[in-house]
Amino acid sequence: MNKSKITGILLAGGESRRFGSPKAFAKLHRKFFYEYAIEALEGNVGKLIIVSHPALVEQFQDQTSVEVIQDLPEYKGNGPLAGMFTAMQKEQSDWYIVLPCDTPFVTDVLVKQLITYTNDQSIDAIVPVINDRQQPLIAVYHRRVAKRIEELLKIQQYKMSHLLDACNVKFVTNQELQLQGMEFENINDQTEYKKVQQKPI
């Protein structure tokens, strides 16, 4: 797949209530969480977009040259689907790779593996299933999914599971992926943050 036909979407619109401060700007081994996502995406996509919480836009713009946008006004604050749809409207592409800002162990290798499944044009979404848990926010989506997302937003159905139910999804298990073991670990609170700070990266 030609990377110019792929856009990377970094979702940083959450309020990080449980964490207590913006997770995107938490540090692990001298780098911000969001920088790990950018590193995993940038070599695999033609364009990269950060969908930011309004309070973080300026900080992102000060620290990175990546384009930073906010949810479309009519869907502001309506979760990951709003962020994905906003980015899809902003940048026309064949495929979109979505990553959250709180999985600092995500890798370029993982992103490359997920992209290999885009050769099948009948697939709407490529979603890992890790230890029986679907991971729709570390996943790849075809451009035609934008219309389905818009339909869900209009009827206020904001769960990612509703989108997957409306798509032809290729689920990829951890047995099919070559993983180092921690790629899908997300950091929700200070206890988890302290634990990952003890781990090598």
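What follows is a walk through one predicted chain, from its overall build down to a few individual residues.

First, some ground rules. This is a predicted model, so local features need a pLDDT of at least 70 and side-chain atom pairs count only at pLDDT 80 or more, while totals for chains, interfaces and linings use all residues. Residues are numbered from 1 along each chain as its sequence is written, and side-chain values use heavy atoms, with hydrogens and water left out.

Let's start with the whole chain. Its secondary structure comes to seven helices and ten strands; these are DSSP runs, H or I of at least four residues for helices and E of at least two for strands, numbered from the N terminus. How does the radius of gyration fit a compact globule? For 201 residues such a globule would have a value near 17 Å, and the chain has 16 Å, which agrees. That radius is taken over C-alpha atoms, and the globule rule is 2.2 Å times the number of residues to the power 0.38. Along the principal axes, the C-alpha trace spans about 40 × 40 × 30 Å.

Burial comes next. Of the 201 residues, 50% are buried, where buried means under 20% relative accessible area, exposed means over 50%, and partly exposed is in between (1.4 Å probe, protein chains only). The accessible surface of the chain is about 10000 Å², and 45% of that belongs to carbon and sulfur atoms. These areas come from the Shrake-Rupley method with a 1.4 Å probe; for residues, only the protein chains shown count as cover.

Contacts tell a sequence-distance story. Among contacts with a separation of 6 or more, 70% are between residues 24 or more positions apart; a contact here is heavy atoms within 4.5 Å. As for charge, the chain has 23 positive and 24 negative charges, and their mean positions are 1 Å apart. Lys and Arg count as positive, Asp and Glu as negative, and His and the chain ends are not counted. Each charge is placed at NZ of Lys, CZ of Arg, CG of Asp or CD of Glu.

Now zoom in on the rings. A pair of aromatic rings is described by the distance of the centres and the angle of the planes. Rings of Phe, Tyr and Trp (its six-membered ring) pair if their centres lie within 6.5 Å; planes under 30 degrees apart are stacked, over 60 edge-to-face, and the rest tilted. How many aromatic pairs does the whole structure hold? The search finds seven. One of them joins Phe32 and Tyr34, whose ring centres are 5.9 Å apart with planes at 15 degrees, so this pair is stacked. Tyr34 also meets Phe60, with centres 5.1 Å apart and planes at 85 degrees, so that pair is edge-to-face. Tyr34 sits in helix α1 (residues 33-42) and Phe60 in helix α2 (residues 57-63), so the pair ties together parts 26 residues apart in sequence. Helix α1 itself is mostly covered, with seven of its ten residues buried, including Tyr36, Ile38 and Leu41.

Most residues other than glycine have a negative phi, and most peptide bonds are trans. In the loop between β2 (27-28) and β3 (31-32), though, you'll find His29, with a positive phi of about 50 degrees. Arg30 lies in that loop between β2 and β3 as well, and its phi is also positive, near 70 degrees. His29 is partly exposed at 37% relative accessible area, whereas Arg30 is exposed at 78%.

Ala139, in strand β9 (residues 139-142), is buried with a relative accessible area of 0%. Leaving out residues up to four places away in sequence, Ala139 touches Tyr96, Ile97, Val98, Ile126, Val127 and Pro128. Glu176 belongs to the loop between β10 (169-173) and α7 (190-197) and is partly exposed at 40%. Glu176 and Gln113 are 63 residues apart in sequence, yet their C-alpha atoms are 9.5 Å apart in space.
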